[in-house]
Amino acid sequence: MDAITVKHVKKSFGDHSVLKDMNLTVKRGEIFTLLGENGSGKSTLINILTTISLADDGDVQILGHPVVSDAGLIRENISLNSQTVTLDEEFTGYQNLLIIAELRSLKNAKAEIKQISERLDLTSFLNKKVGKYSGGMKRRLDIAMSLLGDPEIIFLDEPTTGVDPKNRVELWNIIREIRDSGKTVFLTTQYLDEADKLSDHIGFLNDGKIVLYGTPDEIKQNARQFVQINVDSSNMNLIDLPEGMVVSKNNKGTNFIIDERNTDMCIKILINENVSINSVVPQDNSLEEVFLDITKLDSEGN
Amino acid sequence: MQSIKQLMVLTKRILKQNLTNVDTVITVILMPLFMLMFFVYVLGGNIAISGVNASTGEYLKYALPGFLLVAMAMGSAYTAVRINLDKTKGFLKRLHSLPIKRWVILGSHVLASVIFMIISESVVLVAGFVMGYRPDLSVGNFALFVLVSLLFAFTITLIAIPFSLKASSIESAGGFSYIILMLLFVSSAFIPMDGMVRPVRWFAENQPMTALVGITRDLLNNNFSITSSNFLQSLVWLVGLIILFSYLSYRRYKMFSVKL
């Protein structure tokens, strides 16, 4: 059974259609990362998956249960970490954890708080007021609150935003540990390197749909591939490649990045113009380039 | 049963927030006390009641019911602030994803608000006793006084909800409480209405706070009658405001939930 299945989901706010025909599957025990521009509908989707709001149309199942009819049961098995930390700064870390433990009616609240605090290295700070915590510690405590009750799926909405690099790496380790303990992590992030390093699968959300899905490597391989052509600088003035074919070029006009599919045609044009070609090298795609390419294609209407 | 337990957990949380926050304690508990002492010991002897300058004790007897309502009205600002903070910090969102019935979430704010206002009112009442205030009330009138206090606290809590859910910051969330305070100042709460200029007097006579101060005063002075205009007007105002703001609160909460 998959952790999450989303079929043909639509959601609009007034005339603004946010999710158009959303389809997605998240397997159990993996880290799935949802990427998309600001306003692309990531939070809307998370709200639907966490039973906070309803889709206008389509079918959503969490752990095999439909969100519409089994919302109560689903809430027992999920937890949500919002973009902002949801802590009471006047209270101690322990008091914050206890509130969630009591709301989830945990029988061994104290034991579970102790165990999670040790796991997230929070024990020595538990009796201090949260107002005195650093940003990274607050994030860790916020995640600890989400782990109480042993939920099957943890939704982490941009958990590392505003966190310094050292704490970011620590949070990555925590997220991996959660996955390694058999839980499913549904992650959103602004950092593409984070998605690359952490994710088992990634989905690119664009224009209300998942436009790319796969492992980080699959996505990089299956995305539009680019080739860099380096020409001799003495031939610069002769070069007359059609503008639509060139994705980018350097200031000197000696390096061209082109879509791999246009390689043969470009080389033919350059040879016909007697331009000396130094090298033709395939480019390694990073997730960032793939992301930028997708959003650029979308803004160009392709 | 689980919902009641969760209601208690969340109510305790909000009460603890209020009672451990210095700003809240100063505004809702200490400020009404300071105002009470200022009015009684500084202004009281210069205010004419029934045409003659009142003694400190007479003024205290006249004004204390109004200060009880002021203490509660000041608490309503913090009701709005707490709800707004939970909204802007994402705590409401977290609660919506937990196995909690939706009514429990807002219900805890309402319950905590009413309890906090009653605490604030009790502190002012005890201070009044220390200053020499002696009410003249039967058990039945005392029970009615408690009921009126609870209904007033409930009403201004309901008024706070739509403002708190609509406001984009805590600074604007509590702003509505100034309207309630202004209504209390332009009423019979602290001075008789006889000397007010005509349009202001007309406004004071016909707004809800005058009737509510009047019924509180009647109950504490053993002058309560079920046929009195204070009672009938208070009843109409309270029932009307509860119906109106229950609807507005429900609507705003529903809109907020959809927009989450």
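Colleague: Hi! Which strands does helix 9 of chain A lie across?

Modeller: Hello! In this predicted model, helix 9 of chain A, residues 263-272, lies across strand 11, strand 13 (255-259) and strand 14 of chain A. Relative to strand 14 of chain A, helix 9 runs at about 175 degrees.

Colleague: Nice. In what order do the strands of that chain A sheet come?

Modeller: The order is 12-13-11-14, four strands in an open sheet with antiparallel pairing.

Colleague: And which strands stand at the edges?

Modeller: Strand 12 (246-249) and strand 14 (277-282) of chain A. Each has a single partner strand, so one side of each is left without a neighbour in the sheet. From one strand to the next, the twist averages 20 degrees.

Colleague: How many bridges join strand 11 to strand 14 in chain A?

Modeller: Five, with strand 11 covering residues 226-231 and the two strands running antiparallel. In strand 14 of chain A, Pro282(A) is the bridge partner of Val227(A).

Colleague: Great, switching to chain B. How many helices and strands there?

Modeller: Chain B has eleven helices and two strands. Reading from the N terminus, the elements go α-α-β-β-α-α-α-α-α-α-α-α-α. Its radius of gyration is 19 Å, close to the 18 Å from the globule rule for 260 residues, so chain B is as compact as a globular protein of that length.

Colleague: What does the C-alpha trace of chain B span along its principal axes?

Modeller: About 60 × 35 × 35 Å.

Colleague: And how much of chain B is buried?

Modeller: 45% of its 260 residues count as buried. As for contacts in chain B with a separation of 6 or more, 77% come from residues 24 or more positions apart.

Methods:
Residues are numbered from 1 along each chain as its sequence is written. Chains are lettered from A and ligands numbered from 1 in the order in which they are written. This is a predicted model: local features need pLDDT of at least 70, side-chain atom pairs count only at pLDDT 80 or more; totals for chains, interfaces and linings use all residues. The radius of gyration is taken over C-alpha atoms; the globule rule is 2.2 Å times the number of residues to the power 0.38. A residue is buried if 20 or more other C-beta atoms lie within 10 Å of its own, exposed if 12 or fewer, and partly exposed in between; C-beta atoms are placed from the backbone. Two residues are in contact if their C-beta atoms, placed from the backbone, lie within 7 Å. Two strands pair if DSSP finds at least two bridges between them. Axes are lines fitted to C-alpha atoms, for helices over the stretch in contact, and angles run from 0 to 180 degrees between N-to-C directions.
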